[in-house]
Amino acid sequence: MVMKASIRSLSAAGILACLSSLASAEAINVPAPDFTLESRSGANLRLEDHRGEVVMLNFWASWCGPCRQEMPLMDELYSQYKDLGFTILAVNVDGNREAAHRFLDKVPVNYPILYDPESSVSELYEVQAMPTTVMIDREGNARYIHYGYQPGYEDEYEQQIRELVRE
């Protein structure tokens, strides 16, 4: 299913209601809602500042077993494709930042970690499963969404990254 709607005709909530009804990894094409969150480095990062890059937006939590499996694989993808205009923004939804830090001590990654302790951005994206991953193209459009993680999803991620960095 490919959606053809402009941001003027749908609110962010309407866009994401469409997103949340899609099956995992189904192709979409809707504007990704902008947000700003504090990063692990202490700086605020804004999604819009990454316009021109392919962004893998990943929502995760310290208590999420599949996140523990997925994040090292995502780190490999980040290392492989970051020089081609690709980045990962990993949004932690734990209310307690220390839980996220303990997780990252055991599962270190090199891509930016953002904190959403109030779940405002995860609510904006209507995240209903951990992890949830949204692939965003260089124009700022959400193109693919994945709910959960199972071994092999990283192959789909890589295929989508390759497609989007070539555009």
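**View 1. Asparagine 96 sits at the start of helix H3.** In this predicted model, a side-chain oxygen of asparagine 96 comes to within 2.8 Å of the backbone nitrogen of glutamate 98.

**View 2. Helix H3 has a buried side and a face turned away from it.** H3 runs through residues 97-106, and its buried residues are Ala99, Ala100, Phe103 and Leu104. These four lie on the same side of H3 because they cover an arc of only 135° around the axis. So what do the buried residues of H3 pack against? Their partners are strand S4 (54-60), helix H2 (65-81), strand S5 (86-92) and strand S6 (113-115).

**View 3. Tryptophan 60 has contacts from other parts of the sequence.** Leave out the neighbours within four places in sequence, and tryptophan 60 still touches a list of residues that includes Ala100, Phe103 and Leu104, which are among the buried residues of H3. Cys67, Met71, Ile113 and Met130 are also in contact with tryptophan 60. Now zoom out to the largest nonpolar core, which has 52 residues. Trp60 is one of those that touch the most other members, along with Leu57, Phe59, Met71, Tyr111, Ile113 and Tyr125.

**View 4. Cysteine 64 and cysteine 67 form a disulfide.** A disulfide is a covalent bond between the sulfur atoms of two cysteines. Here the S to S distance is 2.4 Å, and both cysteine 64 and cysteine 67 are buried. The torsion about their S-S bond is about 85°, so this disulfide is right-handed. Searching the whole structure turns up one disulfide.

Key:
Residues numbered from 1 in each chain as written. Predicted model: local features only at pLDDT ≥ 70, side-chain atom pairs only at ≥ 80, totals over all residues. Heavy atoms only, no water. Core = buried A, V, L, I, M, F, W, Y, C linked by side-chain atoms within 4.5 Å. Buried < 20%, exposed > 50% of the residue type's maximum accessible area, 1.4 Å probe, protein only. Contact = heavy atoms within 4.5 Å. Helix = DSSP H or I, 4+ residues; strand = E, 2+ residues; numbered from the N terminus. Arc of directions from axis to C-beta. Polar contact = N/O pair within 3.5 Å; in protein donor to acceptor, adjacent residues only side chain to side chain. Disulfide = S-S within 2.5 Å.
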